[in-house]
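Here is a short report on a predicted model. It takes chain contacts before the folding of a single chain.

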Amino acid sequence: MSSSPLRQRPALLRISMVALLMLWSLAPMLWQLYTSLRTPESLLAGLAGLGGGWTLANYSAVLQADPPFGVYLLNSTVVGALSTLLTLALAIPCAYALSRRSDLLKLVIGGGLLAAAVFPYVLLFLALLQVARQLGLANNLLALCLPYAGLSLPLAVLLLQAAFADLPVELEENALLEGFSLGQRLRWILLPLIGPAVVSTGLLVFLFSWNEFPIALTWLSRSELLTLAPAMARIAGSSVFTVPHGAFAAATVLGGVPLLALLLIFQRQIVAGLTQGAIKG
Amino acid sequence: MQSAALGGSEPGCDLRPAARQAWFAVGLGLGLALALLWGGLAWAGRPTTVRLLMPAPFADATAELVESFNREHRGLRIAVTRGPFETESVSDLAISSLLLGDSPYDLLLMDVTWTAKYAAAGWLLPLDDWLGPEPLAPLVAGARAGNIIDGNLWRVPMVADMGLMYWRTDLMAAPPRTPTELVAISERLQRQGKVRWGYVWQGRQYEGLSCVFLEMLRGFGGNWESSGEGLGTPAATKAASWLRQLIVKGISPAAVANFAEPEALQSFEAGEAAFMRNWPYAWQELQGPSSRVAGKVGVTMMVAEVGEPPAATQGSWGLSVLAGSRHPAEAVQVLQALTGEASQRLLVQRWGYSPTLTALFDDPALVAERPLLPILQNALESVALRPLNPGYAQLSDILQRQLSSVITGELEPALAMERAGRGSQLLLEASGRGSEQ
Amino acid sequence: MSLLLMAPALLLLLAVFLWPMLDYAWLSLQAQTVFTGLKPVPVGLANWERLLGDGRFWQDAAQTLRFAVVSVGLELLLGLAIALLLHQSWRGRGLVRSLSLLPWALPTTVMALGWRWILNDPNGPINGVMQSLGLPSLPFLASTQLAWLAVVLADTWKTTPFVALLLLAGLQMIPTDLYEAFALEGGRPWQGLRRITLPLLRPYVLIALIFRLAQALGVFDLVAVLTGGGPASSTETLALYAYLNAMRFLDFGYSATVMLGMFVLLLASALLLVLAQQRWRGARP
């Protein structure tokens, strides 16, 4: 008999475990989605109000607010994309050079990068605020990419350096014999080979910059320049009369959806980036 | 050179390529000059913009005023930034813009408690030279305090604000006058099943809690001195333990320890409570279509012990010109327009905000239209001011922290108030040392 | 040549990481407050003296540490369970893995706002269920114990997927023939977990532990939006205290001192962790 209890029990256990995991991971988000589609009255009626009262008004309220919610998403996208490009532009040469060294300096820099990668960067906000004031970098989305790149560099360099170190040295030596310059070697031989690592590093940097809160909170004060994270915090303190739970929920859904899409599309690369960090680090 | 080659090959064109180029250059130069001139003229003719940051409700209330101001003034226009609702969030926003140096605003609508801090930080422009002698004379006495600090005028109030007690006229004949009465009426109504809760108020660890407390501190015979002292007193302990007892006895929900104004209003509006502590703005909302208690609400002063005058925490909003403004003269002009009589009249008539000008309180037509005005005037006569200290935010934070411990049952009232008193003392001493050097 | 390639990145790194620390070291010796008109005035070690006697700093330090230890501990336990579940082969595993990673990708402030509503008293879903069961509603953000629990819950919810993923990577590095050999020798599956999996997983546990502890000790976004540090400052963390000192109280000298103090505590706990790790190694060769 194939359906002996001995074989069924682990499967049943597993199914219930998976169900529990999904409930734990998704229920809070689904509740936000549900809330965002309900009228205020039905929300305050507790479980009794589970029936009617569906609406899209919460979304139109959020999307037509001043400034409209789309502006925050756009700002976050711009900052995320530019920070990613800047980080990669700085990290790739650095990681390459670091991977080709084997001296004390490499050890020192590597150790420093590791320490910086785990450093709770929230500690830096006050000094960075002063930098922004003195150099006139406040309220400027382009300028915000500088601290973001700086904060992302340690992890980016470590990940890319590990990828470069994995490439066989002979590859580059052959290219050198054929007269390729450093730029050509990087562009035509090395980069294509570490492409996957570049993509997953870039995605992690993008996620960080999109979600960053304390620096954005202190560098941006104009509402039309806010990125998503400080905008959410400001929305949290902006209810006029009664607490607009539905509108808040609509904001959380709109703020979450782009990232969820990104994660689902690129999940393989993001997972690879995260686990590479663990294995190589 | 493509154009030259083309020109040369074109029949009937008698201009030589070089000459064509010269003409082209002249034309381009002329065009550029014209464009510059036009641009310059447009620049010069552009109206001066005075930028103003306000909390969201005031941005909404003044929208009409701002629009008509912009219509009437050719070379001057007001641009309002709609800030957050919560006082502290607006302050956070204003401070972060000011710290970043290039504040995008000329004028700021300020809570009364910010004035000392902002003035000490050097962010405000003294208004004495701009407004002529005695600019505060037309104001009722309760609205005058908190604008002049160290001999300079920093702020002109636009609306008065004071803590009030809202009560249900359908559930009782007259509102309670003493803390004991409030408890007794609440317990009776709760026992009868008329309301779920007796009294809802602001118990979250934030500025609103300090306002609630100040009224009770006065009601029990104490005071929060302008120096910042007065928290380590027996009256403070009584006030704090009374607030704690409200929760222990079930008169206020435990959730009140996380209530700000919107949560209290939401509960009272739904008919869940017999009493609410809130500001005048709540009146309008309670008469609205989503309110279950419209027409059943009375407004009065907060309860006080027999023999103690009831107190209302002063929370007025006023305009200040920022020191970094590039158009101080225009900013002052806007300030005068928005704090003037016509503006205040509209804010009362349309939105129910309390005026600050004596003339408006004394206007019988306006009083007939807004029966709340005498109550507000009465409350303004007994306003309680929070300390006018540049370190107020921190003094209040010390108090909120200890009060929150009492309300959540973490600390005994006497111990907590002793700590609050000691903490403020330490802060005041430390700041004295800082300013001496 | 290679120095030239590294220079731009290293310069930016120094500017972003080293410069602030030097700036704080200087600032912590100044009184730069609203009482000095926001101008720095040298005060020697006054800020440091104040820090040592500041009960709130030490209370926040203890709260931050308690939060970090409990939530990271929970994340490791849950993360290990999830990793073991995802390590087995079954249909739909890839989809479940992606879906369970979703909480990690959401911005903290977004879901912090969501939790405020989920934990709402009395209108949130949890209290809705409590009431329909005839139980009293739980004042989540109005009680010190429950508010602390709420912060731990929200943090665990968000970062467990990250830990699970790291541990899963570790599990996949363990050769399967080890288990086969162990089974041939008559070992039971549960013993395999203790004798093979956990020892070989140790480096990954350590990485996850260090990474998460450092982040949890610096927690700011979550408490700033979810509780604002209340009630009774029971959820206030050191980072929030430093932020309040700078942005609300305008006391920059002391804010810098709080941050340096926090940095010193971080270094101390890192050192302790390293020592403990060596002990662990020494005890079980």
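## Chain C against chain A

In this predicted model, 67 residues of chain C are in contact with 69 residues of chain A. Helix α1 of chain C, residues 2–27, supplies the largest share of chain C's side, with 15 residues.

By class, the side of chain C that touches chain A has 51 nonpolar residues. A further 14 are polar and 2 are charged.

## Chain B overall

Chain B holds 19 helices and 13 strands. Of its 437 residues, 53% are buried.

## Two domains in chain B

Chain B splits into two domains. Domain 1 covers 48–160 + 316–373, and domain 2 covers 164–313 + 387–431. Taken over C-alpha atoms, the centres of domain 1 and domain 2 of chain B are 28 Å apart.

## Where the domains meet

In chain B, 15 residues of domain 1 are in contact with 13 residues of domain 2. Which elements give two or more residues to the domain 1 side of chain B that touches domain 2? They are α4 (87–99) and α5 (115–120) of chain B. α5(B) gives the most to that side, with 3 residues.

The side of domain 1 of chain B that touches domain 2 has 7 nonpolar, 5 polar and 3 charged residues.

Notes. Residues are numbered from 1 along each chain as its sequence is written. Chains are lettered from A and ligands numbered from 1 in the order in which they are written. This is a predicted model: local features need pLDDT of at least 70, side-chain atom pairs count only at pLDDT 80 or more; totals for chains, interfaces and linings use all residues. Domain bounds come from an automatic or database domain assignment. Two residues are in contact if their C-beta atoms, placed from the backbone, lie within 7 Å. Helices (H or I, at least four residues) and strands (E, at least two) are DSSP runs, numbered from the N terminus. Ala, Val, Leu, Ile, Met, Phe, Trp, Tyr, Cys and Pro count as nonpolar, Asp, Glu, Lys and Arg as charged, and the others, Gly among them, as polar. A residue is buried if 20 or more other C-beta atoms lie within 10 Å of its own, exposed if 12 or fewer, and partly exposed in between; C-beta atoms are placed from the backbone.
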